[in-house]
Amino acid sequence: MITVDIGQALSAFWRGSFGSEYAIVSATLVRATPLIFTGLAVAIAFRAGVLNIGAEGQFLAGAAAATVCAGIAASWPRAAQSAIGLPLALIGGTVAGAAWSGVAAWLRRRFGVLEVISTIMLNYVALEAVAYLVRGPLQEPLHIYPQTPTLPRGLHLPTLVPGSRLHVGFALAVVAATLAWWMMRETASGFRLRVTGANPYAAASAGRIDVPAVTTRAFLVSGAFAGLAGAVEVTGVTYALYDNISPGYGYTAIAVALLANLNPLAVIASGVFFGGLEAGAAAMQRDAGVPSVMVSVVEAVIILAILAAGAARIRWPPLGVRWPGRRRVSGGAPA
Amino acid sequence: MTGGAATVTAFLEATVRTATPLLFAGLGETVVEQAGVINVGLEGVVIAGAFGGLVGATTAGLGTGFVVAAVSGAAMAAVFGLFAAILRADQVISGTAVTLLGLGLTGALYRWGFGPSGAALSIPTMHAMPIPVLSRVPLLGPALFDQPPIAYLAYGLVPLLWWWTYRTYGGLALRAVGENPDAARAAGIAVRRVQFGAVLVGGVLGGVSGGTLVLAQVGTFAEGMSAGRGFIAIAIVALGRWNPVGAAAGAVIFGAASALQFLFQAMGWRAPYQLFLAVPYVLTLVALAVASAAGRGGAPAALGRSAIGD
């Protein structure tokens, strides 16, 4: 057993997350960026009644597509890389994320496949596809490491705060969240999305809303945000595609969205909170030997606490319901 | 034995080996879903069983390993059951949380207890126990009847569970809860207790599934080694039309899909192995589309409904 000094662990956590301006800007906010995008993806889907557990796969699809687009632009002159290549990579990632979620959306609309299972399956397919790409067609030219060649500087997202690791992607995430919040609150399509999620039957009968169309659209927008998260991560942080490019951002996103009560604006704060949690946990593993996977335990506990609070608010269930014993029920077994 | 027959036997053996853990988890989830609950936390249950199996086996041998695996799975499932069946929280979100909990907890405990790498750790696995006569049947014999005893337990569970579900009062109560909880309650069935009990049974079998993986197949633990088996088991249940015999058929289909790589390797057909690893997941999607297109026939009518009166 490895013994851990709790004080040392907590101080490492604080230093790595919110303890200094450098930690906040270069660790916490950098970690928060993909979490805000993916949290937004989950929040929008859940609000529409779409249980998209596939932000992880959509993130990977976006990261892979952005890498491909950037790879094409890598041979262009520097000015063209920044002016055309970078936007192309971000758009490519967004489209790929939407397409990846589109598979699950189509399966749901055409065949009625539960998106919970299909999106999770697509996560694993994306994982294997990335594993293949970085060892096959996209591998760096020396064919030693399972990763793509590092992007040239012209294809890096500009930094937001000089001298830090924080890139423009964070500002993009904040703008996207604000825009989504405004759309959801003030526009007709946002209203249709909320009503559909709240009660699809009422939406269809009383509101004459085309429910399948609304849910499909929400699914695609959700995937687009997750895909953009992947594209921003590649162009802003990693500058290359490799196996473990996402430490489970798509799953953490569920905790981010739920803590934000599925409100896009609150996702920003929630994303920063979880970004700090992950940055702190990374520091804790580095400096105090505490496994950083503990973060997913914390995330799980937060989700469960939110659920418990919600359940308690509705009604504390009566306990001690009778057990049926061996009494015969009249009539045969239902078909 | 000719080369061709050896290849077929190896393919069938690999099919059964891959199918065994899926069968345990799938049978358990069948019971859970027959009670109208869908446990997306099954992935967390399976990994908890795998880790519990490792801990039990390193402390007190294989038998204890399986017991600890079952208990760990049940404990993880109890967390889900508390939220989904007792508190009536959203089943999918509770399940997702339990999956995160299982993967995180086992990963952290493993690094904590066995060091950051733990690579050297390996435990002797359960030996194959060939069944006399049957294991000598050409082609099928070695695949089906030269397996570790835990596989035979899985085979035996299929008819047993079918009989229990369709021929006993308990099975009827279980299905009544899944079909129409209000009517079941009116008939004097304690809906929450039945659902919680079903979730626990699913937890025990899910835990044994993880235990089988570690104790009868791999012989060690790795973070996230359940690798989506819990999710695939959920797909198997849908594919098997919510019936234990159907679940068995589904498990075999997925075992065969995973075993295809051995067949292709033997045929000298070279392809990136990641493509083979993706086959079961893609197949799940196709199978779900086919199963769902055929309608919800066989699905418990109240499946996944969180807010049911009782």
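**A buried alanine, a helix pair and a chain contact**

A:Ala12 sits in helix H1 of chain A, which covers residues 6-17 (helices being DSSP runs of H or I with at least four residues, numbered from the N terminus). The model is a predicted one, in which local features need pLDDT of at least 70 and side-chain atom pairs count only at pLDDT 80 or more, while totals for chains, interfaces and linings use all residues. Residues are numbered from 1 along each chain as its sequence is written, and chains are lettered from A and ligands numbered from 1 in the order in which they are written.

A:Ala12 is buried, as 23 other C-beta atoms lie within 10 Å (the cut-off for buried is 20 or more; 12 or fewer is exposed, and in between is partly exposed, with C-beta atoms placed from the backbone). Leaving aside residues up to four places away in sequence, A:Ala12 touches A:Ala283, A:Met284, A:Asp287 and A:Ala288 (contact requires C-beta atoms, placed from the backbone, within 7 Å). A:Gly280, 268 residues from A:Ala12 in sequence, is 7.0 Å away in space, C-alpha to C-alpha.

Turning to a helix pair, H6 (residues 168-186) and H7 (residues 188-198) of chain A pack at about 80 degrees, with axes 5 Å apart (axes are lines fitted to C-alpha atoms over the stretch in contact, and angles run from 0 to 180 degrees between N-to-C directions). Residues meeting there include A:Met183 and A:Arg185 in H6(A), and A:Leu193 and A:Arg194 in H7(A).

Between the chains, the contact takes 47 residues from chain A and 51 residues from chain B. Helices H4 (78-111), H5 (115-133), H10 (249-259) and H12 (294-314) of chain A each supply at least two residues of the side touching chain B.

Note on methods. Two residues are in contact if their C-beta atoms, placed from the backbone, lie within 7 Å.
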